[in-house]
Amino acid sequence: MKKALVFSFLMALLSFPLFSQTQEQGDARFHGFGTYGLRWEEFGVGAGIEYFFLEHFAIMPSFTNYFPNVGNRTNFSADLRYYISEGISQLYFVAGYSQNWENTQPGNPGVRRTFNGANVGVGAYIRIVDWVGLSTEFRFQSQTPREAGFRVGLAFPL
């Protein structure tokens, strides 16, 4: 019975109509990703929506929740992406605004800090099948904690 359900689910996914994989105005993608910072070695998970407002130009607001050793930290980023290639593998440059909220002592009032700054980086969207792609990115954030890191996840065209 389990095999029949799994087979039915996979067949339903494969029967979806083909989605657009280009970077045309009005296209959008949902991103779910994991992130890892190289300096402080913190892992995080996040999600965002990428919207192509012009051909080859997209804006992607995203929200990330990090898991530091002590306390908690969240991040909001609004990134501008410029795609320099099309097809199965799409390379882009990213620049944007980022804001971190951290609390190193949860439960105690007055210890919450906010930092804002810029993001710069490079990334790629690699189509796996027509309805999902691999999203990879290397980025540097200028605000505290000032670190370079990787984002890797899946992107689903909407």
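Tutor: A polar contact is a pair of N or O atoms within 3.5 Å; within protein, one must be able to donate a hydrogen and the other to accept it, and residues adjacent in sequence count only if both atoms are side-chain atoms. The model is predicted, so local features need pLDDT of at least 70 and side-chain atom pairs count only at pLDDT 80 or more, while totals for chains, interfaces and linings use all residues. Residues are numbered from 1 along each chain as its sequence is written, and side-chain values use heavy atoms, with hydrogens and water left out.

Let us consider Glu-50. This residue belongs to strand β2, residues 43-54 (strands are DSSP runs of E, at least two residues, numbered from the N terminus). Glu-50 has a relative accessible area of 0% and is therefore buried (buried means under 20% relative accessible area, with a 1.4 Å probe and protein chains only). Its side chain makes a polar contact of 2.5 Å with the side chain of Tyr-83, and another polar contact, of 3.4 Å, joins it to the side chain of Arg-81. Leaving aside neighbours within four places in sequence, Glu-50 is in contact with residues including Asp-27, His-31 and Met-60 (contact means heavy atoms within 4.5 Å).

Tyr-83 leads on to Phe-52, and both of these residues are buried.

Methods. Helices (H or I, at least four residues) and strands (E, at least two) are DSSP runs, numbered from the N terminus. Buried means under 20% relative accessible area, exposed over 50%, partly exposed in between (1.4 Å probe, protein chains only).
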